[in-house]
Amino acid sequence: MFKTKKLKPVSELRSQQFLLCRDQSIPVTIIRSRRRRRKLTLQVGPAGAVLRAPFATPNADVDAMLNRNRDWIYERQQLLLEQRGAAPRYESGECHDYLGQPLKLQVCSGGGRAHVVLGDDTLLVSGDLADTKHVARVLQQWYLRQAQQLFAQRLRFWSGRLPWVADVPELRLRRMRSRWGSCSADGRICLNTHLIKADLSCIDYVIVHELCHLQEFNHSARFYALMTEAMPEWQKYKVELEAIGARLVRE
């Protein structure tokens with residue numbers, strides 16, 4: 001007698017559509033997730049928008065969210081295109097990303113050691129802050145600590161899932177502007193610390209990409225076949241990362 005294998009429920013469902021905003025057709029990636037998400041959120045980048053929603057969200061609610069925010073999506077994208085190369089000023093009210101969520105920066109100068117507190121929709125930098133450059137250093141150090149912990153965890157996870165990876169590769173982190181990661185000829189993996197601002201699925205995509213280079217040290221058809229075997233929907237994550245990437249690395 002054959003035993004039937006129980007299929008794991010799909011944790012995430014992605015689709016893409018286009019939203020007509022004034023004179024432009026803006027690509028929108030819809031991500032339905034089984035994570036403990038209670039509301040719909042919108043993220044806009046120079047290349048398009050990303051809408052995240054609970055898994056069971058009706059299409060009508062998604063369409064209503066997009067229609068309600070049609071003008072904002074257009075204006076936000078235009079502003080980002082204009083400010084694409086502009087560096088943040090690290091002042092209260094700015095938008096800074098963490099794990100795919102746009103968060104509002106709050107700066108509160110006061111006594112004590114400068115530190116960062118993550119809220120539901122805010123990043124609070126408080127303490128003895130000399131100036132905005134000090135705020136920038138404190139926030140970047142916080143991003144680095146989060147990246148060190150999470151990237152090591154995800155690298156261990158994927159190293160254990162991919163049959164060609166014998167041991168967890170050595171991991172290095174760097175702040176880079178033109179690439180998300182790299183794999184050296186001796187098997188060391190380097191990841192961009194800015195990647196901690198992207199959604200977990202995008203982080204996993206970059207890690208899997210570099211782990212595939214341990215087997216195929218190229219970008220041949222065999223490499224992309226290996227990518228598809230390891231992560232069938234990697235192209236969707238690549239598109240999402242490209243849509244928001246310019247904003248994530250501008251610091």
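## Packing of α3 and α4

The axes of helices are lines fitted to C-alpha atoms over the stretch in contact, and the angles between them run from 0 to 180 degrees between N-to-C directions. In this predicted model, helix α3, which covers residues 132-161, packs with helix α4, residues 200-212, at an angle of about 55 degrees, and their axes lie 10 Å apart. Angles from 65 to 115 degrees count as roughly perpendicular and those under 35 degrees as roughly parallel; α3 and α4 are therefore oblique to each other. The crossing in which α3 passes α4 is right-handed.

On the α3 side, the contact is made by L150, F151, R154, L155, W158 and S159, which meet L200, I203, D204, I207, V208 and L211 of α4. By residue class, the contact of α3 with α4 divides into nine nonpolar residues, one polar residue and two charged residues.

## Strand β4 and its partners

Strands of a sheet pair through backbone hydrogen bonds, in either a parallel or an antiparallel sense. Strand β4, residues 48-54, is joined to strand β2, residues 24-33, by six bridges, and these two strands run parallel. Within this pairing, V28 has A49 in β4 as its bridge partner.

Strand β3, residues 41-45, is joined to β4 by five bridges, and here the two strands run antiparallel.

Four strands form an open sheet with mixed pairing, in which the order of the strands is β5-β6-β8-β7. The edges are taken by β5, residues 95-98, and β7, residues 115-118, and because each of these has a single partner strand, one side of each is left without a neighbour in the sheet. Neighbouring strands of this sheet are turned against each other by 35 degrees on average, with direction ignored.

Strand β6, residues 101-109, pairs with strand β8, residues 122-127, in the parallel sense over six bridges. One of the residues in this pairing is S109, whose bridge partner in β8 is G127.

Methods. Residues numbered from 1 in each chain as written. Predicted model: local features only at pLDDT ≥ 70, side-chain atom pairs only at ≥ 80, totals over all residues. Heavy atoms only, no water. Pairing = 2+ DSSP bridges. Parallel < 35°, antiparallel > 145°, perpendicular 65-115°, else oblique. Left-handed = near helix turned anticlockwise from the far one by under 90°. Contact = heavy atoms within 4.5 Å. Nonpolar A, V, L, I, M, F, W, Y, C, P; charged D, E, K, R; others polar.
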